[in-house]
Amino acid sequence: MRMIRALLPAAFGLAAITSMPAMADTSTSTASSATIGGANVTSSAVALVEAAATLAPGKYLWENDVDAGPVSILISIPDQKAYVYRGDALVAVSTVSTGKEGKETPVGVFTILQKKEMHRSNLYDNAPMPFMQRLTWDGIAIHAGKNPGFPASHGCIRVPASFAKKLFAATEMGATVEVTDISYSGDMPAPRSDAQMTIAANEAAIGGGAKEIASR
């Protein structure tokens with residue numbers, strides 16, 4: 001089933017777009033903004049998405065997001081990319097590798113249940129899963145791993161190692177991660193989750209109420 005999300009119009013009508021090198025990790029450009037469909041859209045965010053379209057496997061872009069605000073993550077399976085938001089602002093895009101055929105990454109809205117700098121799979125030959133951020137107790141997580149440019153994992157979301165480290169430092173327990181089977185289009189709003197879901201995720205992780213069944 002395709003997830004239903006509110007998509008803003010793709011025609012931005014911005015006068016100028018800040019250029020950004022496709023292989024850079026950060027951009028220090030000053031963003032101008034415009035209001036499109038009731039949402040604030042920055043030229044920096046537009047440039048980020050445009051530059052990300054040509055990212056090679058294992059590469060990512062990350063704006064200098066100095067503003068405070070909760071981090072949320074959108075994973076697009078058809079794009080094989082992760083879109084990172086700080087509050088309502090898009091600040092980073094990375095290539096990813098999701099689950100291969102027969103081991104597909106589930107779609108839905110998740111919260112980060114557990115964070116571990118070095119974790120090992122108890123299903124697949126003790127494989128290392130650096131900077132692991134757990135999304136489900138049956139083995140789905142975001143972690144550093146091989147990033148060939150296509151779905152190749154056992155269900156986890158693999159990201160470039162340096163991006164995994166940066167993302168690990170930026171997120172908090174209970175942060176929202178949405179996995180979707182549609183491509184990023186226009187300017188998607190930051191993922192949202194029910195407050196009670198976030199509270200339950202934190203309680204389960206901190207109190208040990210949920211059992212870790214598997215690690216992929």
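How many nonpolar, polar and charged residues are there in the lining of the second largest pocket? Look at the first view for that; this is a predicted model, where local features need pLDDT of at least 70 and side-chain atom pairs count only at pLDDT 80 or more, while totals for chains, interfaces and linings use all residues. Residues are numbered from 1 along each chain as its sequence is written, and side-chain values use heavy atoms, leaving out hydrogens and water.

**View 1. The second largest pocket.** By class, its lining has seven nonpolar, eight polar and three charged residues. (Asp, Glu, Lys and Arg count as charged; Ala, Val, Leu, Ile, Met, Phe, Trp, Tyr, Cys and Pro as nonpolar; the others, Gly among them, as polar.) Of the 18 lining residues, Pro 70, Val 71, Ser 72, Ala 175 and Thr 176 lie nearest the centre. A pocket is an open set of points on a 1 Å grid over the protein atoms alone, where a 1.4 Å probe fits, with protein on both sides within 12 Å along at least five of seven lines; lining residues have an atom within 4 Å of a point.

**View 2. The largest nonpolar core.** This core has 27 residues, and α2 (161-170) gives the largest share, five residues. (A nonpolar core joins buried Ala, Val, Leu, Ile, Met, Phe, Trp, Tyr and Cys through side-chain atoms within 4.5 Å; buried means under 20% relative accessible area, with a 1.4 Å probe and protein chains only.)

**View 3. Confidence along the chain.** The mean pLDDT (the predictor's confidence in each residue, from 0 to 100) is 75 for the protein. Over residues 1-41 the pLDDT is below 50.

Terms used. Contact = heavy atoms within 4.5 Å. Buried < 20%, exposed > 50% of the residue type's maximum accessible area, 1.4 Å probe, protein only. Helix = DSSP H or I, 4+ residues; strand = E, 2+ residues; numbered from the N terminus.
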